[in-house]
Amino acid sequence: MSKFVYMFDEGHSGMKELLGGKGANLAEMTKIGLPVPFGFTISTEACNAYYQADKNIPPDVQDQILQSLRILEEKTGKVLGDPERPLLVSVRSGAVFSMPGMMDTVLNLGMNDETVEGMARLTNNPRFAYDSYRRFIQMFSNVVLDVDVFFFEQLLEETRELKGYASDPELTAEDWKEVIEGYKKIVKKHTRKAFPQDPKEQLFYSINAVFNSWNNQRAIIYRRLNKIPGHLGTAVNIQSMVFGNMGPDSGTGVAFTRNPSTGEHQLYGEYLINAQGEDVVAGIRTPQPIHTLKTEMPDVYQQFVETCHLLEQHYKDMQDIEFTVERGILFILQTRNGKRTAQAAITIAVDMVKEGVIEKKEALLRVDPDQLNQLLHRRIDENYQRTQLAKGLPASPGAATGEVTFEADEAELLAKDGKKVILVRPETTPDDIHGIVAAQAVLTSRGGMTSHAAVVARGMGKACICGCEAIKIDLRAREFYVGETVVRGGDVITIDGATGEIMLGEIPMIDPELSEEFQVLLRWADETRKLGVRTNADNPEDSRKAREFGAEGIGLCRTEHMFMDPVRVPIVQEMILAENYSERKEALAKLLPMQQGDFEGILEEMQGFPVTIRLLDPPLHEFMPDKEELIIETTRLQITSPGSAELKEKEQLLKKVRQLEEFNPMLGHRGCRLGMIHPEIYEMQAKAIFYAVARLAERGMAAKPEIMIPLVGHVNELKEMRKLVVDAANLVTEETGLNLTYSIGTMIEIPRAAITADQIAEEADFFSFGTNDLTQTTFGYSRDDAEGKFLQAYIENKILPENPFAVLDRDGVGKLVETGVQLGRKTKPQLKTGICGEHGGEKSSIEFCYQAGLDYVSCSPYRVPIARLAAAQATIRYEDRAGERALQVL
């Protein structure tokens, strides 16, 4: 018979896939002798068996649960449901990958009308016993019986107001008895059944609920967002309860061994006296900073500090620890690698290397490249004179501006309409996750820096302010106010998650700067990686920014962006409308010095690094006015000015637009096909490049242009275009007397080019894989139509694992890339190859590029640091796997 249930002392940290992260860590902490309340873990395999049995716990799993319960009873000397020595347990989820707040938890299980009296006698604390019972009824009813927590909170608030209390700890045992009776009536009203009194029935109901929560909406959204596989299932941890709500010598808290926002090496966290753990993370009460525990319970604080140090040294990473103090005795309920901001991740990784805890390679693997986006975008201008409306706890750094919305559903709808919103709530719950995903930032009036909103926002890299008690929120009126100031839904505010400040209106932002630790980490990455990193840039400003971020050249300079300058569009249109070759040459002569200036500026910024310049790629109609608008304008003139020169001009323009119009422009007269039919356009661009190189050479500056011919599908196209470029270079050489250095290559972006790459390489000095178009032509998708109409449904329904325009499709597009590289190098062993599609800045795609043997990736300037780190990680992981395979062979 398969084993589905493990006592804590039967497991260890290496059993994460079986016991889940929480179960494996509870077992590991038990193993190293920490004060962990004893219990057992129902494995992820049991969860999968539950779903295979049509959401029923199989009999053999039930038997093992009951057997483990008996062992727990023997170990604790307590019995589930025994009024004289009652055992109470918590039932918590524990997935393989941490999913904070996404699945369900039940505390104080085992309470009923009899055991509550036994607890009151045993503890000599009736108030604690009845408080625990009402908590259990509320949580069990919400999680298991699906009764909305609102009804219980409403009754509790009414009771507080009626009795004149400001907070829950003021309620007496008699008060709690009244609340319990009210809670039971709520359950009876909404379920038409009495609240279950049998603790074993409660236990199995709760286990079912945790298994079911693996597939609740918020968990599915979280898994999709964090790319966590859906087949893993969740473990369930049954743990004997310890109580932080037994009086002033008890409490509960959450702490990080280092600051999760900044990475500073100091204990960071919060606790509540006379409370249970859910009070801290749910944001119902605003907790106290952890360092104040040093004054209130000095011995407990010192023990906790020592435990934190032990756990961090043991796991060699910053830990997120849940603890409870019961009558002055410390218990550790959970530890896990703590979620952190990007800056904190970098600081912690670099500091741990300096402290000798980890090696440089491990430090590089500790930082998720996707997280770096948090550090590579704008923040509030420090020179701007802020007018602070209110201030809360700086729960997740970053700045954001947006329209205020009070509902998660509305946030999602507004974001789909392209609006930037800030979600404002008293506190968030796991059910709000879709709104947090959609919002630019989150603001709550209650809760601390370890509340749900804070943890989730930090993980997503979104700005967040919590516990801003100065704002009073009226959800019904859809407004909040600070003193006399009222902020309504739709009003614009700006928040600074680094300082906790809230300001009215939109505030100026400035570009980011890389911290010293960030620079250190990137230097380590550069020492490690074997894949070059370039940028996609079309102007000197972007080129300069990319160099600041460490780009080693430009992998894609799109010349059409230069043509679309409003000042140049009339000249471009003049060139397109030309009736003959000489007229077209005349227009091109006007464009040549403009292009030359563009290339001079970009090549100068790159300071001798290679610059791959793609000759004109899009079809000519893209530079013309909109056809529908022209029809409307022409019709108007036909009615109002039938014989006018303006009408004649518009009619000529409309005629040309119709001539240029294509049924499928993506596969039409564009790229090298344009150069083949109108070689004078490519000739002008090639001359502009070489004149720019010559001009820089005269100033003593080196330049390395790589001229790229787009959309080649047949070697003869490249052969023709290569001759054109060489002729232009020779002409400029004759004029200037300078010896020009350059290379000519092509963009591989249609399947035929990839599978005939051996032929195309005869005429190419380099290949650059344009994976945006290669993905379109391989899948047969029009990107705009696919992403707007069906692609998201494909991903949600698991037809495709990822959006292939965001993450490179290794099985299809990737095979073509590998084929292109192999065939190209069969002809020219030293052929330089790179990638310049958007995949060049995505970590999984970068790993593939390294494995496929490419020389470099190219991405937008702000993704260059991401690519540098991802390239280093790819080198480390690939070499580690290669080493493992070599050992297996030996």
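**Entry 1: terms and model.** I define a pocket, on a 1 Å grid over the protein atoms alone, as an open set of points where a 1.4 Å probe fits, with protein on both sides within 12 Å along at least five of seven lines; lining residues have an atom within 4 Å of a point. I note that this is a predicted model, in which local features need pLDDT of at least 70 and side-chain atom pairs count only at pLDDT 80 or more, while totals for chains, interfaces and linings use all residues. Residues are numbered from 1 along each chain as its sequence is written.

**Entry 2: the second largest pocket.** I looked up its volume, meaning the space filled by probe spheres set on the grid points, which are joined across faces, edges and corners. The second largest pocket holds about 840 Å³. I found 32 residues in its lining, and R614, D617, N772, D773 and Q776 lie nearest its centre.

**Entry 3: F805.** I located F805 in the loop between α32 (791-796) and α33 (813-827). Is F805 buried or exposed? F805 is buried because its relative accessible area is 1%, and buried means under 20% with a 1.4 Å probe, protein chains only. Leaving out residues up to four places away in sequence, I list its contacts (heavy atoms within 4.5 Å) as N772, T775, Q776, Y781, R783, E787, L791 and H839.

**Entry 4: the whole protein.** I recorded that buried residues make up 56% of the 890 residues. The C-alpha trace spans about 105 × 80 × 55 Å along its principal axes.

Technical notes:
Side-chain values use heavy atoms; hydrogens and water are left out. Helices (H or I, at least four residues) and strands (E, at least two) are DSSP runs, numbered from the N terminus. Buried means under 20% relative accessible area, exposed over 50%, partly exposed in between (1.4 Å probe, protein chains only).
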